[in-house]
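Student: I have a chain to go through today. Could we look at the structure together?

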Amino acid sequence: MKGAVQQEPAYVVHRRPWRETALLVDLFTLNHGRMSVVARGANSARSPLKAQLQPFQPLLVDWTGKSDLKTLVQLEVRNASAVRHPRALYSGFYINELVQRVLPVSDPSPALFASYIETLKALANLPSQGDVEPVLRRFERAFASALGYDFAWDETTDTRVPVEAGCVYGYDPVQGIVSSSSPDVPLRHLPGEALLALGEGNYSGDAPRKTAKRVMRVLVDYLMQGKPLHSRTLFSHSNPLSGRTP
């Protein structure tokens with residue numbers, strides 16, 4: 001059958017009702033990137049597909065079609081640890097929203113797909129009061145890299161000089177870490193000590209955590225082109241006093 005794909009590893013990142021009894025499902029797949037399929041009859045009471053097409057559930061998917069919108073033919077549910085407690089769930093919704101709203105259609109990224117799987121595993125194994133921020137920051141870095149916005153924490157791109165403790169730096173989504181602190185740099189006053197820690201993969205400590213979050217917030221907002229993230233609202237509603245959002 002022309003245009004047919006079988007046994008494609010995939011995850012549901014978003015779904016919504018479509019026409020009478022169908023679901024329009026956005027998938028993140030290993031070999032085809034982000035794509036959409038129509039699951040016919042999946043929104044009816046008798047269909048098992050509605051329960052199977054759930055976020056964070058690893059699937060093997062068969063589809064057919066020549067256009068950008070494919071037709072789901074069959075799927076197989078694979079075993080995985082469940083993402084359960086609220087902060088882990090909201091974090092999962094956040095990474096799904098990034099994939100669904102920012103990742104280009106039909107642009108495979110096996111490295112990002114592998115990072116996505118590792119992130120879901122980390123969220124599934126996270127204690128209810130565990131620290132979710134390093135998990136999210138690492139995924140955001142992989143996401144930025146897949147889109148061509150990777151950078152080094154410990155080196156400036158404008159001067160190609162290593163970051164030094166005791167100095168402050170800026171961040172520009174297009175350039176990365178910069179030595180300039182001019183007003184046109186979107187984010188300024190980043191401590192060199194924190195950047196050096198992040199360059200070593202160390203997200204512990206107040207300064208590295210705050211610095212990584214500030215940088216990634218600016219980058220994600222840039223990629224979203226100023227549009228709001230719905231998952232941030234979920235975070236704030238889950239714990240309105242904490243102020244902890246992605």
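Student: Which residue is the bridge partner of Val168 in S8?

Tutor: The bridge partner of Val168 in S8 is Pro191. Before we continue, please note that this is a predicted model, in which local features need pLDDT of at least 70, side-chain atom pairs count only at pLDDT 80 or more, and totals for chains, interfaces and linings use all residues. Residues are numbered from 1 along each chain as its sequence is written, and side-chain values use heavy atoms, with hydrogens and water left out.

Student: In what sense do S6 and S8 pair, and over how many bridges?

Tutor: Strand S8 (residues 187-191) pairs with S6 in the antiparallel sense, over three bridges. Strands here are DSSP runs of E with at least two residues, helices are runs of H or I with at least four, and both are numbered from the N terminus. Two strands pair if DSSP finds at least two bridges between them.

Student: What joins S6 to S7?

Tutor: Three bridges join S6 to strand S7 (residues 176-178), and the two run antiparallel. Within this pairing, Asp172 stands opposite Gly176 in S7. S6 and S7 form a hairpin, with three residues between them.

Student: In what order do the strands sit in the open sheet?

Tutor: The order is S7-S6-S8, three strands in an open sheet with antiparallel pairing. S7 and S8 are the edge strands, since each pairs on one side only. From one strand to the next, the twist averages 40 degrees.

Student: Which helix packs on that sheet and touches S6, S7 and S8?

Tutor: That is helix H5 (residues 192-199), whose direction makes about 80 degrees with that of S8. Contact means heavy atoms within 4.5 Å. Axes are lines fitted to C-alpha atoms, for helices over the stretch in contact, and angles run from 0 to 180 degrees between N-to-C directions. H6 lies across S6 and S8 and runs at about 160 degrees to S8.

Student: Why is S6 largely enclosed by the rest of the structure?

Tutor: S6 (residues 168-172) is largely enclosed because four of its five residues are buried. Buried means under 20% relative accessible area, exposed means over 50%, and partly exposed lies in between (1.4 Å probe, protein chains only).

Student: Changing topic: how many aromatic pairs are there?

Tutor: The count comes to 10 aromatic pairs. The rule is that rings of Phe, Tyr and Trp (its six-membered ring) pair if their centres lie within 6.5 Å; planes under 30 degrees apart count as stacked, over 60 as edge-to-face and the rest as tilted. In one of these pairs, Tyr11 and Tyr116 have ring centres 5.1 Å apart and planes at 65 degrees, so the pair is edge-to-face.

Student: How are the rings of Phe56 and Phe93 arranged?

Tutor: The ring centres of Phe56 and Phe93 are 5.6 Å apart and the planes lie at 35 degrees, so the pair is tilted. Phe56 is in the loop between helix H1 (49-52) and strand S4 (59-64), while Phe93 is in helix H2 (residues 86-102). Phe56 is buried, with a relative accessible area of 11%, whereas Phe93 is partly exposed at 32%.

Student: Which residues do ring pairs link into a cluster?

Tutor: The cluster consists of Tyr11, Phe28, Phe113, Tyr116, Phe139 and Phe143.

Student: And Arg137, buried or exposed?

Tutor: Arg137, which is in helix H4, is buried, with a relative accessible area of 2%. Not counting residues up to four places away in sequence, Arg137 touches Tyr203, Ala212, Lys213, Met216 and Pro246.

Student: What about the phi of Arg160?

Tutor: Arg160 has a positive phi of about 60 degrees, although it is not a glycine. Arg160 lies in the loop between helix H4 (133-146) and S6, and is exposed at a relative accessible area of 58%.

Student: Where is Gln225 found?

Tutor: Gln225 is in the loop between helix H6 (206-223) and helix H7 (230-238). Gln225 also has a positive phi, about 55 degrees, and is exposed, with a relative accessible area of 66%.
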